[in-house]
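Here are some worked exercises on reading a fold from its coordinates. Grab your viewer and try each task before you look at the solution.

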Amino acid sequence: MELKINQQIKHFNAETLSVQSLLDLEIPNKQNGIAIAINSTVIPKPEWDSHFIRETDDILIISATQGG
């Protein structure tokens, strides 16, 4: 499966991926303070397990940062 994540093409050895399984592969140790949008629509965290990604989806993963 080829996906466009944050403007980069990435390849995965899976035919289907939920949002949660994608995050488990991409950022397994930092899943707090992030938001994910697919095709410009934010996916609420309670839907990450049930929302499946398609190859044509444009995925944006945003991490919250702190600063001052």
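Is lysine 10 buried, exposed or partly exposed? Lysine 10 is partly exposed, at a relative accessible area of 26%. The labels work like this: buried is under 20% relative accessible area, exposed is over 50%, and partly exposed is in between (1.4 Å probe, protein chains only).

Some ground rules before going on. This is a predicted model, where local features need pLDDT of at least 70 and side-chain atom pairs count only at pLDDT 80 or more, while totals for chains, interfaces and linings use all residues. Residues are numbered from 1 along each chain as its sequence is written, and side-chain values use heavy atoms, with hydrogens and water left out.

**Exercise 1. Find the salt bridges and describe their partners.**

Step 1: A salt bridge is a side-chain nitrogen of Lys or Arg within 4 Å of a carboxyl oxygen of Asp or Glu. The structure has two of them.

Step 2: take lysine 10, whose side chain forms a salt bridge with glutamate 26 at 2.8 Å, N to O. This pair links distant parts of the chain, 16 residues apart: lysine 10 sits in strand 2 (residues 8-11) and glutamate 26 in helix 1 (residues 19-26). Helices (H or I, at least four residues) and strands (E, at least two) are DSSP runs, numbered from the N terminus. Glutamate 26 is partly exposed, with a relative accessible area of 26%.

Step 3: go to the other pair, arginine 54 and aspartate 57, at 3.7 Å, N to O. Arginine 54 is exposed at 56% relative accessible area, whereas aspartate 57 is buried at 3%.

**Exercise 2. Trace the pairing around strand 4.**

Step 1: check burial. Four of the five residues in strand 4 (residues 34-38) are buried.

Step 2: find its partners. Strand 4 pairs antiparallel with strand 7 (residues 58-63) over five bridges, and two bridges join strand 4 to strand 5 (residues 41-42), also antiparallel. Strands count as paired if DSSP finds at least two bridges between them.

Step 3: pick out residue partners. Isoleucine 38 is bridged to isoleucine 59 in strand 7, and alanine 37 to valine 42 in strand 5.

Step 4: inspect the turn. The hairpin of strand 4 and strand 5 has two residues between the strands, and asparagine 39 there takes a positive phi near 55°.

**Exercise 3. Decide how the buried residues of helix 1 are arranged.**

Step 1: name them: Val19, Gln20, Leu22 and Leu23.

Step 2: check their directions. They span an arc of only 160° around the axis, so they lie on the same side of helix 1. The arc is that of the directions from the helix axis to the C-beta atoms.

Step 3: see what they face. These buried residues pack against strand 1, strand 3 (17-18), strand 4, strand 6 and strand 7.

Key. Contact = heavy atoms within 4.5 Å.
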